[in-house]
Amino acid sequence: MRQDRMASLRVFAMAFDALVLVFTFGALAGIRQYFHAWWPYDLFPGETPILADFEATAHVPLLVLVLPIWLGALRSLGHYRAESLLRQRRLFSRTLRGVGFATLCFLSVLWALGIGGHFSRTMLVAFALTTLPVLVAGRLLFRALATRPHHTWNAPVHVLLVGRAAAAHPLLEAITRHPE
């Protein structure tokens with residue numbers, strides 16, 4: 001595969017994962033907001049409520065931290081290397097390590113900034129658990145879309161052969177036998 005195509009695949013893979021993460025975060029924030037209305041009971045009985053009222057709009061600024069931390073953790077653990085973009089052999093294990101590392105980094109940043117108490121812990125845990133299957137499914141979808149053989153930017157239109165005409169004869173015969 002050409003080097004410039006691999007570079008564009010890496011960039012588009014990060015952009016695709018960013019869209020997947022934004023969609024997942026927004027969907028989980030909406031689900032968490034309506035969960036308390038549907039399930040009025042707390043998770044554990046006691047004086048301190050675990051499932052308090054939730055505002056999804058208060059969690060939108062967290063995307064400023066979520067996206068760079070998640071994408072940086074995935075990139076640092078080899079999720080966007082050329083071989084991992086095309087092979088699915090170790091896709092789940094690389095994604096699992098990346099999501100685990102991103103979760104630890106994210107919680108560390110929240111603790112270091114002292115803003116962890118202002119956000120829903122159940123929503124953050126649900127986001128960390130949901131990103132693993134969503135990113136794996138997103139990567140499989142991205143690979144299926146990016147490596148389609150009939151895609152126009154992948155099909156060679158003009159071929160320049162350098163050398164003797166006799167050496168090109170077998171290639172020309174193969175082209176005439178298979179015009180597709």
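Trainee: In this predicted model, at which residue does helix 6 bend?
Mentor: Helix 6 covers residues 165–177, which is 13 residues, and from its first C-alpha to its last it reaches 18 Å, close to the 18 Å expected at 1.5 Å a residue. Within that helix there is a bend of about 25°, and the residue at which it is placed is L171.

Trainee: Which proline follows the bend in helix 5?
Mentor: Helix 5 runs over residues 121–146 and has 26 residues, reaching 36 Å between its first and last C-alpha, close to the 38 Å expected at 1.5 Å a residue. The helix bends by about 35° at T131, and the proline that follows within four residues is P133.

Trainee: How many salt bridges does a search of the whole structure find, and which residues form a salt bridge?
Mentor: Side chains of opposite charge can pair when their charged atoms come close. Here the closest N and O atoms of the pair are 3.2 Å apart, and the cut-off for a salt bridge is 4 Å. The search of the whole structure finds one salt bridge, and the residues that form it are R139 and D17.

Trainee: Which helices hold R139 and D17, and are these residues buried or exposed?
Mentor: R139 forms a salt bridge with D17, and the pair links distant parts of the chain, 122 residues apart, with R139 in helix 5 and D17 in helix 1, residues 3–38.

Trainee: Why is the pair of F25 and F127 edge-to-face?
Mentor: The count for the structure comes to four aromatic pairs. In the pair of F25 and F127 the ring centres are 5.2 Å apart and the planes stand at 80°, so the pair is edge-to-face. The pair links distant parts of the chain, 102 residues apart, with F25 in helix 1 and F127 in helix 5. Both residues, F25 and F127, are buried.

Trainee: What is the angle between the planes of W70 and F106?
Mentor: W70 and F106 form an aromatic pair that is edge-to-face, with 5.8 Å from centre to centre and an angle between the planes of 65°.

Trainee: Which parts of the chain does the pair of W70 and F106 link, and which residues do ring pairs link into a cluster?
Mentor: W70 lies in helix 2, residues 63–76, and F106 in helix 4, residues 91–113, so that this pair, 36 residues apart, links distant parts of the chain. Both W70 and F106 are buried. Ring pairs link into a cluster the residues F25, W70, F106 and F127.

Trainee: Is T24 buried or exposed, and with which residues is T24 in contact?
Mentor: T24 is found in helix 1, and at 5% relative accessibility T24 counts as buried. Leaving aside its neighbours within four places in sequence, the residues in contact with T24 are F127, T130 and V134.

Trainee: Where is T57, and is T57 buried or exposed?
Mentor: T57 has its place in the loop between helix 1 and helix 2. The C-alpha atoms of T57 and G26 are 9.4 Å apart in space, although the two residues are 31 apart in sequence. At 62% relative accessibility, T57 counts as exposed.

Trainee: What separation do the C-alpha atoms of R81 and R10 have?
Mentor: R81 has its place in the loop between helix 2 and helix 3, and R81 is partly exposed, with a relative accessible area of 42%. R81 and R10 are 71 residues apart along the chain, and the separation of their C-alpha atoms is 7.2 Å.

Trainee: Which residue just after helix 4 takes a positive phi?
Mentor: Helix 4 has 23 residues and reaches 32 Å from its first C-alpha to its last, close to the 33 Å expected at 1.5 Å a residue. Buried residues in helix 4 include L91, G98, A102 and F106. Just after helix 4, a positive phi of about 75° is taken by G114.

Conventions: Residues are numbered from 1 along each chain as its sequence is written. This is a predicted model: local features need pLDDT of at least 70, side-chain atom pairs count only at pLDDT 80 or more; totals for chains, interfaces and linings use all residues. Side-chain values use heavy atoms; hydrogens and water are left out. Helices (H or I, at least four residues) and strands (E, at least two) are DSSP runs, numbered from the N terminus. The expected span of a helix is 1.5 Å times one less than its number of residues. The bend at a residue is the angle between axes fitted to the seven residues ending there and the seven starting there. A salt bridge is a side-chain nitrogen of Lys or Arg within 4 Å of a carboxyl oxygen of Asp or Glu. Rings of Phe, Tyr and Trp (its six-membered ring) pair if their centres lie within 6.5 Å; planes under 30 degrees apart count as stacked, over 60 as edge-to-face and the rest as tilted. Buried means under 20% relative accessible area, exposed over 50%, partly exposed in between (1.4 Å probe, protein chains only). Contact means heavy atoms within 4.5 Å.
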